[in-house]
Amino acid sequence: MALEESSQAYRQLREIVGEENITTDPVVMDTYVWQWLGDLVGEKGNCFMPLRPEAVVLPGSTREVQRVVKVCNRFGLKFKAHSTGWISYAAPLTEGVVILDLRRMDRILEINTKDMYALIEPYVTFSQLQAELMKVGLNCEVNAAGSNCSALAQAAAGFGAGYGNYHMGYGAGTLLGVEWVLPDGEVLKMGSLGSGCGWITSDGPGPSLKGIMRGHMGTLGGCGVFTKCALRVYHWPGPTEIVCENEAMPGYERFVNLPDNIAMYYLYFDDYEKRSEAICKVGEEDIGYVMGFMQRGLAILGLADTNAHFVDLKEDLFDALPSISFVVLLATHSREELEHQKRVLEKILEETGGGYIELLQQEPFNDVITLHLIKVGTLSAHAVCGRSGAFLCAPGSNAVTRRIAGRLESLSIELKKKYIEEGKLVDDGGEGTWGVVWDHGHTIYIENLVEWDPADPESSMAHVRLQEEVNKETIEKLSYLSSMGTFVEESAKMNPEDMVKLKDMTPSDLIEKSEEMAAAHSPYDAKLGPLLRNYHVWLRRIREQLDPNNSSDASPP
Amino acid sequence: MSGGIDRKQLVDIAGKDNVFDDEETLDAYSQDESFLPPRRPSFVVKPKGRDEIVALLKIANETKTPLVPVSSGPPHFRGDTVPEYGGIVLDLSGMSKILFVDREDRVAMIEPGVRFRELQAALRKEGMKLPIPLCPRETKSVVGSCLEREPHTIPKYHLDHCDPLSCAEVVFGTGDVFCTGEAAGPGTIEDKQKAGWRQKIRVEPQTELIRLFQGSQGTMGIVTWVTVRCEVMPGTQKPLLAAGDDLEALLEFLYRLVRMRLCDEAFILDGADMAAIAAEDGDVDALQDTLPRWILFFCISGYRILPEERVSILEKETREIAKLCNVGLQDAVAGLPAEKVLDITGQPCADTYWKLRKRGACQDIYFISSFDGIARCVEVMREFAGRNGLPVRDIGVYVQPVCQGHGYHCEFNIFHKGEDHAERERVKDAYESLCRVLLNNGAFFSRPYDLLPEMVYERDAVAGGVLRKVKSVFDPNNILNPGKLCF
Amino acid sequence: MALEDYEFGARYCSRDSICKFIPQYAVKDARFAQCCPSISRYNVHAYSGGGRVIMATSLLQGRGEISEEVKEIIYKCQLCGACQTSCHIVTELVEPLEIARELKFRCVEEGKENQALSSVRERLVKTNNIFGKKQADRGKWAEGLKVKDAGAEAAEVLFFAGCRLSYDDSFAPVARKSVELMSGAGMDVGILGKGETCCGGRLFDMGYREDFRKLASTIAKKIKACGAKRLVTACGCCYGTFKQFFPMMELDLEGVELLHISEVLDDLMGEGKIELKREIPLRVTYHDPCHLGRLGEPYERWEGQYVKKLGLWVAEPDREVRRGLGGVFDPPRNVIAGIEGIKLVEMKRKREYAWCCGAGGGVLEAYPEFAAWTAGERLQEAMSEGCEALVTACPWCETAFRMAVKESGVGELKVMDLVDLVAMAT
């Protein structure tokens, strides 16, 4: 139900944001309802989520956001903010939601070279931020989902990982001061900002409220609105602008004058353990600038120009490439340092029995892979969303230890092959793993990507079933349950019909818990919470404190 | 105030040898070096494990008895363990097991009573080390230090103010037991260990509760173990010094070193602090006389593979930057070798704690500063000291880049004669006034102890309000260290 | 084609917002990273390429109707195609540009056309030119010019002036100089003069598909009838119409080579047939007109089907993904760079991801303030490179820029046509 234009709530919202920045038109609002992964949640076969918002508003400032939130509190409405809006939870998940599209808040307010931070609004994308940073010899961690994503959203509200996590820390870790409009409309200036001491840290005074602001997945728009934040930025030893040609051809960009203190090495290993060992050793030796890994099936999806090209390229390349690999970009202060790092890398390869994948270190692949490591761009989206229309990871997004990494990877690959053989999922040979390395090799982050056809309900559900199988296996074999995987699996159950079907497939102990918690309208929490010390109960209690009118659209997760 | 708890209840839980109510013991826990007025607890209990803590919390909740956890041994400086409302002090120093050290995943799990020296020894055997705060006192608990968000001296490994803390087991004020991060489940810690986890992934699905327990001074929950992230021991180290009167030049050099990730350890000390640390049992004042006003210390490290080659290349790059910053690099300053600075600052302080060596007592003022704020705050401090009759010579300064150079921990150490009542009162007044002036000049008191919370939360009332709401979730009866922070 | 024909691909929009920005690898700063005037100006997601795709799906599924608000969004789009260039870097299935155009067709079909454009259409259909001027005056720009009447005598090259050059006196010199430069270089040039009619491109992009078909068929016949081997135009919009809309609507210009004047000048200068005598000390930038640039790439009709292979939809037979790379980009740059004294600098958004001038799709006629805003953005971009002049190769772009210069007062920035620039140097 859209807000009536004659209603007081509508009139007040319109007065706040202006005529041009509010809509209640059903077709216009549908552009906020259609979301990636919508096929798992709403009516199967397309990506419209089940619920339309009451209105969409586009506030232009923190003050306007605050006033919108207060109107929602006053009139019993809910609200949800999003920036670039690229996943199902960006849409309303309950009735009575006002969507705040933060597109008008798109400024880089400050780049501080001495304290190495960038102060940004929600709609600044990684590519915009990175381009401005490189001009002054700095760089930022870019979410590997794509440089088209909001940098604030990843750090403050959502999740994701990037190649820069290796020495820049993971996304949420890069967050410094935050301006947060709480669910009741109060503005919390988190960290040093609240004391009037600038944006330099989000921790303190005393206990860090960052601890309730976000964790691995973030609150996904479900707890207030983040209107500004400072992100940590880092030294960039490369040129002030990355110049490349043929920019619009995926897979075939070429650098113009890339300096010789930057070089990409694509490495292969005989088994997962050796690869994990090599990753850790690279971290321990403190070489490398950014790094990550992608399996050959996924790499070919990214490198192919079109779907037809993928079919040919897979035939040509799949068997020519090793299965287990990782890629590291060296970017040093001097050529001499680069040569040293290369020698260290060679020693590590010698110790772990690895080698170089020469094929990928040559044209036509070298430049595009290097560019992807530096800027991310849209190659990831091209590899996954762009090919079939939908993708996710089974299991979700996983920060794991060295011992777990390979086992998790091989486990989901094996389970996936069955669905590929049935023709339900995209055939990447089962090898669609992608990952990065956090914090000098302390943590390995893995996503086992799966692509499916969102317009084909059987294909969508194949992913859900795979997810469920993987979850079951990971609980049993690895004492692990992915939050992201569970979110997706449980999201699919939001549709009452499918919920019934899926319940039949769920391990009985989980069914019980699901039913028990279904009353709380959060199947996600219901499944994950009991396995994780009922953390959701504590979160709910905190949320009750912060959101007395239950105004944030927070379910699920 | 001990509510309705009697000794027997405590003895039933912890055993008679671990419950103390003799005057001498109670007095020992009633005060510290801070300015908080002394207050005797009713009991001191030394629990042996989590289950005893849970049981103690249960009866404390029933009887609304304050509980004040303490892990480190004396001397305490910050007032955070002084039981402002009496009650029971839980001394966790007896829980001192190193539960595991894992080389492969570079992590160790420890109980609250474990101290730096013993942990470092255990790690060394595995070729690892824990990045530690500048020359901590011998009795300092590693867990305590982590929970207080004390910065360590290696900015490149300090990726977050949380570091090196990873996961923890916490007993909330409600008595519920929780494991943070990956340690939460599924399954028990044993199950997870068997599967290959090492409780080192800090992030949780939706929030990162561990951050609430850091900086909370024991007001949110009681931590029974933590995991800490460890790093490899370097194969070769090249420590270097730079010194002079020009703080800004040294800061510029430090900024570039850290920004470009050229070094491991890196910090600046003034002559007073360096003398206090380096004099060991010698004469601090005499050593200070010989030292320059500012000393920058840093160390370039090579690890296992081609360590010398790495050090030599990085040293060359470092020297080029030093030249640009007009800073001279030296192997020793005024007879103090860089090797020695590396050695003494990287381990706990044997014998007398360095902060007590110069005058017998020390009042710390520490805050997080922006780059531009450092020199300004030092100037503000010096002007203030001049105006208020504090001898500038007796105020040490320590500048530590944190979070890979994203902010700086600044510390002013006011050395004074603790036993001289008049001087102590003067220092107390100066401490409060100076902190207020510094706050107005951009000093962020991220860890407000002692007399500071009121000033700090008055400035950031919204955060105070939200923290009180969160506190009501984890400690609804406000039994955990009441009176601290904004609670 | 109909909107329904694009429904298949529309299902694969993942709402990644990539269509709002220039290709990610090409982003050089924060200020000039957007590619779509419509979403940049109006912000609501429906204004973006992806938003239009979702609106179309919503309408096709009967989830709502073309309300006044939806109609306004549909018409506030220049159909510049920048969204498609960016989108097609990621996917090949979704067709945001074609869908945006189909939505205009749908408005007309449902009688929900834009009133301002309805008037434009009426006079265009009546007078065969967009300004509603007399057909008899169409060739006046060439009065006194030594050029063949291609309707009466055979000429190897037919110069097609288009409405703007024909009727806007301020552009007459561009048409004249184009002919003079070609003739001077020894080319056999003719014009249709009074016999020329509008190419119809505007009608097509304003949503009048059938009117376009009629008008374009007429001019296509005339062009073929005159027997010229080459068709040259100095108007980017006319170029794009002939290059893309004609084959799209199966209108035949077979046997006639289409060239933009920039291509001709580039060749002639390369062959030394145009003598440049004067140095022009000027820092200039070049604006790629959409219909000459990304929408000026050859159009090949694809009639095939998608079949599933390895779980993906694969076009059979193979289908070229339209990313705008095959447009006319280098010739105008070569021409500018060939003039002594000129310093050619590129703007942040160039070639296939150039920002639109704002004039296309009926926006200039229906929403002049939006057109001016769009042009103003481009002028700011040119100014940010420290340019003294912005050179373009389409009179519609130039019109939009002149209007914006006047309104936004961006200082001393000159707006020039490529032909004018060459003429100045000769």
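**Figure 1. B:Val11, a partly exposed residue of chain B.** At 22% relative accessibility, B:Val11 counts as partly exposed in this predicted model. The residue belongs to helix 1 of chain B, which covers residues 7-14. Apart from neighbours within four places in sequence, B:Val11 is in contact with B:Lys16 and B:Val19.

Figure 2. With a relative accessibility of 0%, A:Gly177 counts as buried. When residues up to four places away in sequence are not counted, A:Gly177 touches A:Met190, A:Trp199, A:Thr201 and A:Ser202, and also A:Lys228, A:Cys229 and A:Ala230. The C-alpha atom of A:Gly177 is separated by 7.9 Å from that of A:Leu231, although the two residues are 54 apart along the chain.

**Figure 3. Domains of chain A.** Chain A is divided into domain 1 (8-101), domain 2 (108-235), domain 3 (264-477) and domain 4 (480-546). The C-alpha centres of domain 1 and domain 2 of chain A are 23 Å apart. To the contact between these two domains, domain 1 of chain A contributes 15 residues and domain 2 of chain A contributes 22 residues.

**Figure 4. Domains of chain B.** The division of chain B gives domain 1 (1-233 + 452-487), domain 2 (236-345) and domain 3 (359-439). Taken over C-alpha atoms, the centres of domain 2 and domain 3 of chain B are separated by 22 Å. Their contact takes 20 residues from domain 2 of chain B and 19 residues from domain 3 of chain B.

**Figure 5. Helices of chain A and chain B in contact.** Two pairs of chains touch, and the most contacts are between chains A and B. One place of contact involves helix 12 (residues 335-352) of chain A and helix 11 (residues 307-324) of chain B, whose axes come within 10 Å and cross at roughly 160°. This angle makes helix 12 of chain A roughly antiparallel to helix 11 of chain B. The crossing of helix 12 of chain A with helix 11 of chain B is left-handed. From helix 12 of chain A, the residues A:Glu336, A:Glu337, A:His340 and A:Arg343 take part, and they meet B:Glu309, B:Arg310, B:Ile313, B:Leu314, B:Lys316 and B:Glu317 in helix 11 of chain B. By class, the contact has seven charged, two nonpolar and one polar residues.

**Figure 6. Helices of chain A and chain C in contact.** Helix 2 (residues 26-33) of chain A and helix 3 (residues 49-60) of chain C have axes that come within 8 Å and cross at roughly 120°. Helix 2 of chain A and helix 3 of chain C form a right-handed crossing. On the side of chain A, the contact is made by A:Val27, A:Val28, A:Asp30 and A:Thr31 of helix 2, and on the side of chain C by C:Gly51, C:Ile54, C:Met55, C:Ser58 and C:Leu59 of helix 3. Five nonpolar, three polar and one charged residues make up this contact. By contrast, no contact joins chain B and chain C, and their closest C-alpha atoms lie 23 Å apart.

**Figure 7. Cis peptide bonds in chain B.** A cis peptide bond joins B:Pro74 and B:Pro75, with omega about 0°. B:Pro75 is located in the loop between strand 3 (67-70) and strand 4 (88-91) of chain B. Another cis peptide bond runs from B:Gly185 to B:Pro186, where omega is near -5°. The loop that holds B:Pro186 lies between strand 9 (177-179) and helix 6 (189-195) of chain B.

**Figure 8. Loop residues with positive phi.** A:Ser479, a residue other than glycine, has a positive phi near 50°. The loop in which A:Ser479 is found lies between helix 18 (457-478) and helix 19 (483-492) of chain A. A:Ser479 counts as buried, at 9% relative accessibility. In chain B, phi of B:Gln217 is also positive, near 55°, and this residue too is other than glycine. B:Gln217 has its place in the loop between helix 7 (210-213) and strand 10 (221-229) of chain B. With a relative accessible area of 12%, B:Gln217 is buried.

Methods
Residues numbered from 1 in each chain as written. Chains lettered and ligands numbered in written order. Predicted model: local features only at pLDDT ≥ 70, side-chain atom pairs only at ≥ 80, totals over all residues. Heavy atoms only, no water. Helix = DSSP H or I, 4+ residues; strand = E, 2+ residues; numbered from the N terminus. Buried < 20%, exposed > 50% of the residue type's maximum accessible area, 1.4 Å probe, protein only. Axes fitted to C-alpha atoms, helices over the stretch in contact; angles between N-to-C directions. Parallel < 35°, antiparallel > 145°, perpendicular 65-115°, else oblique. Left-handed = near helix turned anticlockwise from the far one by under 90°. Contact = heavy atoms within 4.5 Å. Nonpolar A, V, L, I, M, F, W, Y, C, P; charged D, E, K, R; others polar. Domains from an automatic or database assignment.
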